[in-house]
Amino acid sequence: MSMAEQGGGSANGRMTQQGRQWMKIGEFLLRRLQEAGIGHVFGVPGDFNLELLQQLEDSTELKWVGTCSELNASYAADGYARLNGMGAVTVTNAVGALSAINGIAGSYAEHVPVILIAGSIPLRSIERGLGMHHTTGDGTWDRFLGAFAQVTAGHTRLTPQNAATEIDRLILTAWREKLPVYMELPSDIAYLDIEVPAAPLAMAQPASDPERLKSCAGAIADLMSKAQSPAILADQDAGRYGAAGDVRMLAEKLRAPVAVTSPAKGMIDENFPLFAGIYNGRGSTAQARQAIEGADCLLSIGYRPIDGTSGDFTAALPAGTISARGHSVDIGADNYQAVNLKDVIRGVTGAVGQVTSRPEGQFAAPMANGQVDGSAQITQAAYWQTIQSYLRPGDVLLTDNGTSYAIFGFRLPPGCTVVASVIWGSIGYSVGALLGTMTAAPERRHLLFIGDGSFQETAQELSTMLRHDCKPVIFLINNGGYTIERGYMGKTSDYNDVATWAYTDLPKVFRPDTTAQSFKVTTVADLERALAAPNDRMVFIESVMDRFDAPAPVIHSSNNGAELDYGPRGPQHRDNAQLQPAT
Ligand SMILES: Cc1ncc(C[n+]2csc(CCOP(=O)(O)OP(=O)(O)O)c2C)c(N)n1
Ligand SMILES: [Mg+2]
């Protein structure tokens, strides 16, 4: 960054003000990404972002991770941000950006801060009305800003006049609100010099209002201290706002159980004696339901009830539940603004006394541990039970939609992270996300659990993982199609079938000199052999299972989903239309 000079320096002979320096717009953008903790940028080049990519290549700070598609890049940036706190992706105008919009909307739904930089048409063509490629050919240039306005917390087209302030505004907005943002960088401005702040970007929440914070924490502490059976329900914002450790300390002090929603799985250590399991209305573990619905004072953190987190709307939180969010809290009729989640939880913890009158746990149910017949054809039940004992502390587990949702029933060792997309639920997400999580934390072991249907959406990103010598363990269930969907409708229908691929050949197709180890598994004994493979290279395990075999909770949830989706007159009631639980 040769133009970087401290305040008082000059470019083109002009003096800068104190605390300012000259930088090229693109270089400043990359510097800010780096100050936001981003070390890698995912994406696909195009003529409108090549100039930024050249600046990225010239800087030694940020690393480029080219992907096969923009959709996968958006998933990768999301996966990266889940572990790293923030992610970035760059694509070209419209054709790239719109391919990425599914992933960006997913980041919005899942509260993940991702910066999308679309290299866009040059300002000169906007000003002079020159029609360009990668537009709709009608002389318009605002359509895609409008599209992204719907699924981001902020959007802008950068200009030399606004770049210094808009770049900071959007990066800070993403970080503070844990949501994605969209910026268009016109291709003819990245090399223009502007004056920018010399100081690094302070990545911090605005301070809580001291009076509001004190009153809010005091009121919560008061209610929870007086309660006989207080409890905490943590959704994913507890983790996004870095408050999961604080929640645990509060629970310890109050000796109050903590349940999580499935999107928050892994955010609270599952070996913590007060961990009560997953709360999901009637789909909860018995302990979680008892702890949450039986509480006489419930603190819920960021809870967002949808069908999949409310047990299909059977959730029944106690009257008077306190609702804490990233920057505000509801207590009864009172609404507290300008209070940061972490500050609130810490404030409450400081204000309550150590409870000793209640037991310290154990709330969570132990994992079932039956006998598995090694020589028999592998079943879903035996599969998940065998993999449970493969897990080790610190693993990153990724899952896609499908029968692989069974991982929500795992008892996780300490320090594990779960990456899933329960609310947005776009199949194929987990393959792109895996590239991102491995890029963010290469020192950890990454396990992907995915079905054949989901895998076929984004499988080509395996090539990027192999190109970068990533060493995940990929657990692919080959059951000939969309088994989870068969529980909604079309138990035997063609539309729920997928093509049969030679899955275990793919590492070789995507990298001819690969050292990846592939296994095709049909029995538990096969699976155990595959699990013994060392983790010093990619391990790809295809398990062949019956298309009607699915974990009971998955079938129940699909059956319930069909009732909600199609109503009492829907076609799911025809004979044999639905995969149903074995009776
Ligand atoms: C982008 C997208 N398209 C379609 C769907 C609908 N959908 C949800 S789960 C699923 C099937 C998943 O099948 P598979 O990955 O093979 O899992 P299985 O249940 O067979 O283990 C489909 C098609 C979706 N969620 N996202
Ligand atoms: Mg399948």
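Hi everyone, let's start with a pair of helices. Helix H8, residues 210-226, packs against helix H12 at an angle of about 55 degrees, and the two axes are 8 Å apart. With that angle, H8 is oblique to H12. As for the hand of the crossing, H8 passes H12 in a right-handed way. If you want to click on the residues involved, H8 brings Leu213, Cys216, Ala217, Ile220 and Ala221, while H12 brings Asp343, Val344, Gly347, Val348 and Ala351. Before I go on, please keep in mind that this is a predicted model.

Now a second pair, for comparison. Helix H13 covers residues 380-388 and helix H19 covers residues 524-531, and their axes come within 10 Å. How do these two run relative to each other, roughly parallel or roughly antiparallel? Their axes cross at roughly 25 degrees, and angles under 35 degrees count as roughly parallel, so H13 and H19 are roughly parallel to each other. H13 passes H19 in a right-handed crossing. On the H13 side, the residues that meet the partner are Ala382, Tyr383, Thr386 and Ile387. Facing them from H19 are Val524, Leu527, Glu528 and Leu531.

For burial, the cut-off is under 20% relative accessible area. Asn479 is at 6%, so Asn479 counts as buried. Gly481 has a relative accessible area of 4%, so Gly481 is buried too.

Next, strand S8, residues 155-157, where we find Thr156. Thr156 has 7% relative accessibility and therefore counts as buried. What does the side chain of Thr156 make a polar contact with? The partner is the side chain of Glu166, at 2.5 Å. Setting aside neighbours within four places in sequence, Thr156 is in contact with a list of residues that includes Leu145, Asn162, Arg169, Tyr182, Met183 and Glu184.

His155 is also placed in strand S8. Is His155 buried or partly exposed? With a relative accessible area of 32%, His155 is partly exposed. Again leaving out neighbours within four places in sequence, His155 is in contact with Leu145, Ala149, Arg169, Leu170 and Tyr182. And for those of you who like distances: His155 and Leu130 are 25 residues apart in sequence, and their C-alpha atoms are 23 Å apart in space.

His111 has a phi near 60 degrees, which is a positive value in a residue other than glycine. You will find His111 in the loop between helix H4, residues 95-110, and strand S7, residues 114-120. His111 counts as buried, at 14% relative accessibility. Ala338 also has a positive phi, near 65 degrees, and is again a residue other than glycine. Where does Ala338 sit? Its place is in the loop between strand S17, residues 334-337, and helix H12, residues 341-351. Ala338 is partly exposed, at 40% relative accessibility. That brings us back to H12, the helix that packs with H8.

Conventions. Residues are numbered from 1 along each chain as its sequence is written. Chains are lettered from A and ligands numbered from 1 in the order in which they are written. This is a predicted model: local features need pLDDT of at least 70, side-chain atom pairs count only at pLDDT 80 or more; totals for chains, interfaces and linings use all residues. Side-chain values use heavy atoms; hydrogens and water are left out. Buried means under 20% relative accessible area, exposed over 50%, partly exposed in between (1.4 Å probe, protein chains only). Helices (H or I, at least four residues) and strands (E, at least two) are DSSP runs, numbered from the N terminus. A polar contact is a pair of N or O atoms within 3.5 Å; within protein, one must be able to donate a hydrogen and the other to accept it, and residues adjacent in sequence count only if both atoms are side-chain atoms. Contact means heavy atoms within 4.5 Å. Axes are lines fitted to C-alpha atoms, for helices over the stretch in contact, and angles run from 0 to 180 degrees between N-to-C directions. Angles under 35 degrees count as roughly parallel, over 145 as roughly antiparallel, 65 to 115 as roughly perpendicular and the rest as oblique. A crossing is left-handed if the near helix is turned anticlockwise from the far one by less than a right angle, and right-handed if clockwise.
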